Amino acid sequence: MENVFASFAEVVADPYKRLRNWKQNAGKKIIGCFPMYVPEEIIHAAGMLPIIVVESEEPVTRADQYLPVYTCHIVRGTFDLGLRGEMDFVDGFVFADICEPVQIIADTWHIHRPAHFHHNLPVPMNLSIPRGKKYLIEQYQNFKGALEKSFGVQISEKAISQSIAVYNRNRTLMNDLYAFRRANPGAIRAMDMATVVAAGMLMPKEEHSVLVEKLLAALKKTPKPSDERVKLVLSGCFCDMPDSGLLKLFNELDAVVIDDDLYFGSRYFTRLVNESLPPMEALTEHYIHDVPCPTKYNPANMWADYLLDVAKRAKADAVVILNLKYCEPIAHDYPHLKAKLAEAGIPEILIELDGETPLGQIRTRLQALIELVGER
């Protein structure tokens with residue numbers, strides 16, 4: 001089992017160096033997708049490798065010359081990698097305009113570090129109006145056409161359907177892995193699970209699925225752990241992978257992460273694309289009916305209700321919400337979320353992250369939460 005976890009860790013440890021080598025060996029194009037909500041299946045159907053652009057944990061050295069000081073760390077960190085030339089092997093970038101900082105970085109990146117292909121993907125924020133679906137399918141068609149024109153390829157509906165099937169298989173396997181963790185608290189550490197998810201964003205889905213199958217088979221052969229520690233659900237960090245030091249910190253506390261609501265977690269794969277619909281319509285429906293997010297407006301599908309369901313399904317004792325500093329969508333929704341969890345009698349804590357995580361302070365706050373739960 002540890003060997004399988006090591007395979008995922010190898011992908012994440014130095015992803016861009018590995019991807020350079022992969023591109024040279026595979027002879028395929030690579031398209032970087034800025035989190036979140038880029039329909040990777042369209043890129044996959046074009047015979048290219050879509051990857052999620054991830055930042056490193058190195059200090060930002062150049063990006064602050066171009067961006068406002070209130071820009072979140074994920075935007076600053078990824079742009080810094082681009083400015084340093086560490087992503088020059090990537091053939092193109094796609095940015096869904098989920099928030100103002102991403103809209104800024106999309107154009108700034110294109111000006112200062114242009115790639116062969118660049119596409120800004122407008123996505124509807126108000127999902128309560130009928131014309132949102134019509135608007136989005138037009139944007140997906142425009143994106144498909146831009147890929148075809150730029151790279152001289154044809155992307156058929158059949159190819160997109162096949163790619164959706166490949167991605168759905170991966171989503172199903174990841175959902176199985178999460179179900180195993182819920183049924184076996186402590187069997188998979190928070191850092192290991194985040195690494196498994198991140199690896200899937202940085203390698204072909206077909207290869208990732210094979211590894212996840214091996215991991216599931218290995219886990220099912222291990223003795224069922226008996227873990228009576230406080231059970232936590234992690235939420236937030238909708239564009240970013242939580243700091244590795246923070247995730248490892250949970251291993252040292254009298255608590256276990258039993259489920260999550262993170263982008264580098266269940267949000268990336270929870271809901272499958274409907275394979276019975278025409279492929280472009282299916283991808284559109286997937287965006288509209290996907291996991292609720294503070295970057296979207298839909299009173300019929302609220303983040304607070306969704307997170308409460310996640311916590312109840314996992315039989316969690318408490319919820320830890322991770323908010324990247326300057327992330328206004330999460331900060332805006334937090335008061336409603338806090339009230340919803342309090343009404344259900346589920347303790348929560350909000351931790352603000354900004355690149356350099358003050359682990360000492362966070363440890364103290366988490367220990368206080370765990371002690372509070374233990375006294376109930």
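User: What does the secondary structure of the protein chain come to?
Analyst: There are 14 helices and eight strands. Keep in mind that this is a predicted model. The radius of gyration is 20 Å, close to the 21 Å that the globule rule gives for 376 residues, so the chain is as compact as a globular protein of that length.

User: And what box do the C-alpha atoms fill?
Analyst: Roughly 65 × 45 × 45 Å, taken along the principal axes.

User: How much of the chain counts as buried?
Analyst: 56% of the 376 residues.

User: Which residues have the most contacts inside the largest nonpolar core?
Analyst: That core has 138 residues, and the ones with the most contacts inside it are Tyr16, Ile43, Ile98, Leu177, Val320 and Leu366.

User: What does Ile43 touch, skipping residues up to four places away in sequence?
Analyst: Its partners include Ile31, Cys33, Met48, Val94, Phe143 and Leu147.

User: Is Tyr37 buried or exposed?
Analyst: Buried, because its relative accessibility is 15% and the cut-off for buried is under 20%.

User: What about Cys237, what's its phi?
Analyst: Positive, about 45°, and Cys237 is not a glycine either. Cys237 lies in the loop between S5 and helix H10 (244-252), and it is buried, with a relative accessible area of 2%.

User: Switching over, where does Thr222 sit?
Analyst: In the loop between helix H9 (205-221) and strand S5 (230-236). Thr222 is partly exposed, at 31% relative accessible area. Its C-alpha atom is separated by 9.0 Å from that of Ala187, which is 35 residues apart along the chain.

User: Last one: why does Glu285 count as buried?
Analyst: Because its relative accessibility is 19%, and the line is drawn at under 20%. Glu285 lies in helix H11 (residues 279-289). Leaving aside neighbours within four places in sequence, Glu285 is in contact with Lys133 and Leu277.

Notes:
Residues are numbered from 1 along each chain as its sequence is written. This is a predicted model: local features need pLDDT of at least 70, side-chain atom pairs count only at pLDDT 80 or more; totals for chains, interfaces and linings use all residues. Side-chain values use heavy atoms; hydrogens and water are left out. Helices (H or I, at least four residues) and strands (E, at least two) are DSSP runs, numbered from the N terminus. Buried means under 20% relative accessible area, exposed over 50%, partly exposed in between (1.4 Å probe, protein chains only). Contact means heavy atoms within 4.5 Å. The radius of gyration is taken over C-alpha atoms; the globule rule is 2.2 Å times the number of residues to the power 0.38. A nonpolar core is a set of buried Ala, Val, Leu, Ile, Met, Phe, Trp, Tyr and Cys residues joined through side-chain atoms within 4.5 Å.
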